[in-house]
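Dear colleague,

I am handing over the structure below, and after it you will find a short account of what was found.

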Amino acid sequence: MTAPKVLISDALSPAAVQIFKDRGIEVDFQPNLGKDKDKLAEIIGNYDGLAIRSATKVTPKILEQASRLKVIGRAGIGVDNVDIPAATAKGIIVMNTPFGNSITTAEHAIAMMFALAREIPAADASTQAGKWEKNRFMGVEITGKTLGIIGCGNIGSIVAERALGLRMKVVAYDPFLSPERALDIGVEKVELDDLLARADVITLHTPLTEKTKNVLSAENIAKTKKGVRIVNCARGGLVDEAALRKALDEGHVAGAAFDVFTIEPATENPLFGHPNVVCTPHLGAATTEAQENVALQVAEQMSDYLLRGAISNAVNFPSITAEEAPKLKPFIALAEKLGSFAGQLTETGMKSVHITYEGTVAHLNTRALSSAAIAGLLRPILQDVNVVSAPVVAKERGIVVEETVREAEHDYDALVTLTVVTERQTRSVAGTVFANGKPRIVNIKGITVDAEFAPSMIYVTNEDKPGFIGRFAGILGNAGVNIATFALGRDAPGGSAIALVEVDGEVPAKVLEDIQTIPGVKQAKALTF
Ligand SMILES: NC(=O)C1=CN([C@@H]2O[C@H](COP(=O)(O)OP(=O)(O)OC[C@H]3O[C@@H](n4cnc5c(N)ncnc54)[C@H](O)[C@@H]3O)[C@@H](O)[C@H]2O)C=CC1
Ligand SMILES: O=C(O)CCC(=O)C(=O)O
């Protein structure tokens, strides 16, 4: 196997380069490339992995050229510079490092709050200009004031902890914060309007989503306490910058400290130039410690995926540990092949898919297995679908996916059963993995069979009547198609029967037509795996 190749297109700590090298991965470190999208598009096709911070924008145009890209690693938290749906559609894993820079970013928010409270940047500029304006600067004390945190996740809760240490009162608005967690952190969970009315300082720590965009709109800014100070170290776009400027100009808002802006790099912005505004150029994560953390973590995670198939902190795929990956691999192949079997036989719209995991397989990562099964199922119809994109594609098409896990209730150590409900019928197929690691199909529509998945197969359903095998073999022999293996099954003597036949080479359409003419044959289909 040739060594995977990774491109680092942003200013990551060089620690990442060393990790990739130590793990045997070829690495190109081009810290300024992210800003040159044409050059990035030109060379991205040479890489299996792309490690970035926030300067590189991974757009559909870049992804179009990324023919062998398997993983994008964001050394940081926000992945809004990556087009996740486009990456997912191409089967590219997108991972981030959700905790590596949280403390540093929380500290930046606290630093910004103090900078506002004591006007440190303006006082510094004035002092260094030789003005000694001791009477110009009159700050406010933080102790006893109320901090309103919008978004109390990793960073928000660290900010809360620090603020409580500063003897502030902390209220938090976060619809996903449980009352127990709020109690644990020591914050009062409140509604947004309550926070707006009570906070002396508001700090934002949510991602930018449709729901959080302009969470501090003109209308909401108007609901804040007069003299409020606003800190944004999360994402540009959470606050309506023009409305905030107006509120600053009118003296309703006493100060604003922004690290992030609606348009970045921010070379101009409505907030710029106001005397009570403090700005930093997206420095929230910029400490040596945080950058080492995220660089090391992203390099480890990407290497683990490229070399061992382990997935952690992916935003578009369930996690798979390095220990789990080899155990999962044969079952991923089984799930994909069972899906493919059902997909190749499905001719009408699918309504739902039910996947049952029994025995030892029930203890594996069934979400990953279900993604593989759905990819196999949809690929005969959609081609471009893959293990990463399959669940999203199924959802878009209105296909309901359900999973059941249970202890073994049969002879197999592990059994995966896939049931597909279409507009016309319900079809089940089940398989297992033998000790040699090879997936086998063991049941079709309730009829026991035993066959390996072969590159070229013929699937026949027929009435269990004498004479079928002789005629079938005759048709294949006359057409020069060699039979490699032959698996038969039936529900009862004289009942419904199934033949799953491995052949060498492609099955000519004429052969299938002739098989259909054998008395009692209901369906004959060529399958490929
Ligand atoms: N300035 C910088 O350099 C950095 C900025 N960030 C940004 O900080 C933000 C927060 O990061 P983490 O705390 O790690 O994320 P997180 O996912 O742990 O926390 C986000 C919180 O926002 C809450 N939330 C989601 N929708 C909400 C809504 N509509 N209203 C209120 N709360 C809502 C979530 O429930 C969650 O608790 C991210 O957007 C990230 O991009 C992160 C690191 C550095
Ligand atoms: O890499 C950076 O400096 C930006 C960090 C950030 O915004 C994030 O991790 O979400």
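By class, the shell around ligand 2 holds three nonpolar, six polar and one charged residues, where Ala, Val, Leu, Ile, Met, Phe, Trp, Tyr, Cys and Pro count as nonpolar, Asp, Glu, Lys and Arg as charged, and the others, Gly among them, as polar. This is a predicted model, in which local features need pLDDT of at least 70 and side-chain atom pairs count only at pLDDT 80 or more, while totals for chains, interfaces and linings use all residues. Residues are numbered from 1 along each chain as its sequence is written, and chains are lettered from A and ligands numbered from 1 in the order in which they are written.

The residues around ligand 2 (C-beta atom, placed from the backbone, within 6 Å of it) include Arg53, Asn101 and His282.

Around ligand 1 there are 32 residues, of which Gly78, Gly151, Gly153, Phe176 and Gly284 come nearest. They divide into 13 nonpolar, 15 polar and four charged. The largest share, three residues, comes from H7, one of the helices (DSSP runs of H or I, at least four residues, numbered from the N terminus).

In helix H11, residues 241-249, the buried residues (20 or more other C-beta atoms within 10 Å of their own, all placed from the backbone) are Glu241, Leu244, Ala247 and Leu248. Seen down the axis of H11, these fall within an arc of 120° (taken from the directions from the helix axis to the C-beta atoms), so they line one face of the helix. H11 is followed by Gly251, whose phi is positive, near 80°.

With best regards

Key: Helix = DSSP H or I, 4+ residues; strand = E, 2+ residues; numbered from the N terminus. Buried ≥ 20, exposed ≤ 12 C-beta atoms within 10 Å, placed from the backbone.
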